[in-house]
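Here is a friendly walk through one protein model. Please have the sequence and the 3D view open as you read.

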Amino acid sequence: MAGLNFASFRSAGLKYGKQGLRIWAFPTDQGYFEPDVAELIRYKAYQQFGYGQYPVALLFDKIDVVGNTAHPLYRTICKKGPNPNGLDRLSVNFEKFLLDDKGEVLRRYPRKMTAFDFEEDLDQATQQRPLAPPTPEFFGYWKDAQRDAQRGEYSFRQNYNVYDQSEKSSDWEGLAELGFQ
């Protein structure tokens, strides 16, 4: 799924980047564990999928996205844009948010929807037009996401994976010793 997401982000960036679209990706060790360090994730995303062309597409360092150590960005956008299932936190990895130029949430998309699936929304948002009402297919994706959140490997569940911890996650610090700067 990561490959298809990055490929769709790259395509969207190429098509809508000149109109102001900015795509920010935030890896995390919460949910499905991401074994690579942020620098390697950036390298792979660029080498394998062409994702990461500044200023349109950025891949940030790992952050916590749920629980008591969640980054303030995720706390804010989840509160501003609860998903159609009523959750104001992430439930499954690879959820996406479409924001306007003021940072307001226009729409939120579940893990299995790629930018290819919501390209019409991207087109409308970059033209500063209202989004069309969500389709039944959109709500079907969220119904699937609700099932994934209860039993999927990409879900954020207490006592299942890294969800609530007392200290923030930190990226592996051995890079400098291996010659990476």
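Predicted model: local features only at pLDDT ≥ 70, side-chain atom pairs only at ≥ 80, totals over all residues.

## Lys 62 and its partners

The side chains of Lys 62 and Asp 29 are joined by a polar contact of 2.8 Å. A polar contact here is a pair of N or O atoms within 3.5 Å; within protein, one must be able to donate a hydrogen and the other to accept it, and residues adjacent in sequence count only if both atoms are side-chain atoms. A polar atom of the Lys 62 side chain also lies 2.6 Å from the backbone oxygen of Asp 36.

Where does Lys 62 sit? You will find Lys 62 in the loop between β2 (57-59) and α3 (72-80). Helices (H or I, at least four residues) and strands (E, at least two) are DSSP runs, numbered from the N terminus. Lys 62 counts as buried because its relative accessibility is 16%, with buried meaning under 20% relative accessible area (1.4 Å probe, protein chains only).

Residues are numbered from 1 along each chain as its sequence is written, and side-chain values use heavy atoms, leaving out hydrogens and water.

The predictor's confidence in each residue, from 0 to 100, is called pLDDT. The chain has a mean pLDDT of 85, with 85% of its residues at 70 or more. Among the elements of the chain, α4 has the highest mean pLDDT (97) and helix α2 (residues 38-49) the lowest (88).

Technical notes:
Buried < 20%, exposed > 50% of the residue type's maximum accessible area, 1.4 Å probe, protein only.
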